[in-house]
Amino acid sequence: MRNHVWRPLYVVLFIVAVVLLVRKVYVPKDFGIQDRGYMYGFHRLGSEADWKAFPVKYRSTEYCRDCHSDKYNELKQSPHAVIPCEDCHGPAMNHPDDPPTLTIDRSRKLCIRCHARLPYPGSGRANIPGIDPETHNPGAECVLCHYPHDPRREAKK
Amino acid sequence: MMNRRDFCKKSVLLFGTLAVPLAAFELFDPTSLLAEKNDGKEVRWGFLVDTEKCVGCGFCVKACKIENEVPYNADVSRTWVERYVVTKDGKTHIDSPKAARDGFTTEKIALGEGKFLDIKPDDIAKGFFVPKLCNQCDNPPCVQVCPVGATYQTKDGVVLVDRTWCIGCGYCIMGCPYGVRFFHPVYHVAEKCTFCYHRITKGMKTACVNACPFGARQIGNLKDPDDPVTRTIMTERVNILKEEYGTKPQVFYLGLTKEVR
């Protein structure tokens, strides 16, 4: 056959070879069809390990208990017993090493997340003692009068 | 004519073949073999949301954003809480300002663009909160549409995104009927709820479950019949979102009504 027929074919073969070579080099070794089959499991297996290695920040209330058992016990016998420490104190991360102290959110904004009254029948919100933030001492921080670890008590002066 | 030698050979072959049990011809399934090896200790993560218990405090959203390093002030979130207010004239008002990161602290319904709607308490027929997150579907449409294999489902049923492999085409964001996917503002790749894969694989609860004071969110292993979440799903009247899409969501809801979309 004529040369002008063969030449484009060589070009195509060259391109195919390049693509295959790039694929060989670029695609990770652990890429392939994993446990969930071709439709749902086609991925790089190392990605699962990447996600597992993501740093944990919230340590849960039981982590705080190990050192702060006094505060833990105080909280657990109060109406606020259900609230996890880290909701107000922030994520523990590697406390006490890093960070050595936690930034506590004592703001009014935090309290009214639950205690702003919303008249919704059929929601748990209706059962929580609530105030109208517009009229209940606006501008004042709640912790001036209320003690968060046990709301039945007045704030520690 | 068959001679004696041939007859003997063929007889041995025939009886030898008959002696092979039928089970030897059964093609074995590698997954069932793996399941037997694991002694039934398989894991399939599932989630249970109790909308009756949710008060709309938004601590789950805050915890999720911090735990998973989703930019705190960006208008995207892996999980969010929706408020439904159904008035007596049959209208449904839904809002979720800033994904409820700061909770619901006012009766005013956010309409967007700085506009608010005031509803009189007497006009409210029902009001409730519905936390939303990735349904980790058994039949995830977002995974099917990925052209490069960057999003996938793990063996324990969690749909993840490979950040190094995602090309940012956005097909999965369009493909998800629940709208749980978005572009990560920093990495510029598809982002979604991972059921806190780094936590659940270490035996911890997800950040949102951990942060919820009221037990409105729970996570469990659906393959363990003794798991409290599994027991509730098996015995109570639970519902799922958008069943008609056939995605088989693995996030189950207690107390859903027809208004919830």
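A residue counts as buried when its relative accessible area is under 20%, as exposed when that value is over 50%, and as partly exposed in between. With that in mind, and remembering that what we are looking at is a predicted model, we can say that buried residues make up 34% of the 157 residues in chain A.

Let me stay with chain A for a moment. Chain A has seven helices and two strands, and, read from the N terminus, these elements follow the order α-β-α-β-α-α-α-α-α.

Now I would like to turn to charges. Side chains of opposite charge can pair when their charged atoms come close. Over all chains, the structure holds 20 salt bridges, and one of them joins A:D50 and A:R44, with 2.9 Å from N to O. Is A:R44 buried or exposed? A:R44 has a relative accessible area of 12%, so it is buried, whereas A:D50, at 43%, is partly exposed.

In chain B, a salt bridge connects B:R83 with B:D95, whose closest N and O atoms are 2.9 Å apart. This pair links distant parts of the chain, since B:R83 sits in strand 2 and B:D95 in strand 3, twelve residues apart, and both residues are buried.

Finally, B:K258 and B:E259 also form a salt bridge, at 3.3 Å between the closest N and O atoms; here B:K258 is exposed at 75%, while B:E259 is buried at 9%.

Key: Residues numbered from 1 in each chain as written. Chains lettered and ligands numbered in written order. Predicted model: local features only at pLDDT ≥ 70, side-chain atom pairs only at ≥ 80, totals over all residues. Heavy atoms only, no water. Helix = DSSP H or I, 4+ residues; strand = E, 2+ residues; numbered from the N terminus. Buried < 20%, exposed > 50% of the residue type's maximum accessible area, 1.4 Å probe, protein only. Salt bridge = Lys/Arg side-chain N within 4 Å of Asp/Glu carboxyl O.
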